[in-house]
Amino acid sequence: NIKEDIVMGIASMVLGIISLIFSFIPGMNLIAIIMSIIGIALGTLGKKNESQKGMATAGLVCSIIALALSLIVWIACASIIGTAASAAHGLY
């Protein structure tokens, strides 16, 4: 249905923008990963409609960038915590 494709494109864009914002907040990083995965799925489904293809593409791009940033921040935080734990263990 055309209306569902339009809603999916808009939802993908909204989720992509929100997950981009949340990807920089360490406590909200896991929520950003989940929202960006949902945004990617909705963006691919929303690209079927020709009239709202731009919104779906923008949501898809924002969601992919947010997913990449969230994973990078998540890995960086985990490595910093692991390094600090091993350094603290070496002191005792």
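Tutor: Buried means under 20% relative accessible area, exposed means over 50%, and partly exposed lies in between (1.4 Å probe, protein chains only). The model is predicted, so local features need pLDDT of at least 70 and side-chain atom pairs pLDDT 80 or more, while totals for chains, interfaces and linings use all residues. Residues are numbered from 1 along each chain as its sequence is written, and side-chain values use heavy atoms, without hydrogens and water.

Student: Why is cysteine 62 called buried?

Tutor: Cysteine 62 has 18% relative accessibility. The limit is under 20%, so cysteine 62 counts as buried.

Student: What makes cysteine 77 partly exposed?

Tutor: Its relative accessibility is 34%.

Student: Why is glycine 9 called buried, and where does glycine 9 lie?

Tutor: Glycine 9 has a relative accessible area of 0%, so it is buried. It belongs to helix α1, residues 2-22; helices are DSSP runs of H or I with at least four residues, strands are E runs of at least two, and both are numbered from the N terminus.

Student: Which residues does glycine 9 touch, leaving out those up to four places away in sequence?

Tutor: Gly46, Met55 and Ala56, where contact means heavy atoms within 4.5 Å. Between glycine 9 and alanine 56, the C-alpha to C-alpha distance is 4.0 Å, although 47 residues separate them in sequence.

Student: What makes up the nonpolar surface patch?

Tutor: Leu30, Ile34, Ile38, Leu71, Trp74 and Ile75 form a patch of about 580 Å². Helices α2 (29-46) and α3 (53-91) each give two or more residues to the patch. Patch residues need over 30% relative accessible area and no salt bridge, with nonpolar side chains joined within 5 Å and like charges within 9 Å; a salt bridge is a Lys or Arg side-chain nitrogen within 4 Å of an Asp or Glu carboxyl oxygen. Tryptophan 74, in helix α3, has 43% relative accessibility and so counts as partly exposed.

Student: How does the radius of gyration of the protein chain stand against that of a compact globule?

Tutor: The protein chain has 17 Å, whereas a compact globule of 92 residues would have a value near 12 Å. The radius is taken over C-alpha atoms, and the globule rule is 2.2 Å times the number of residues to the power 0.38. The C-alpha trace spans about 65 × 15 × 15 Å along its principal axes. The chain has three helices and zero strands.

Methods: Accessible areas come from the Shrake-Rupley method with a 1.4 Å probe; for residues, only the protein chains shown count as cover.
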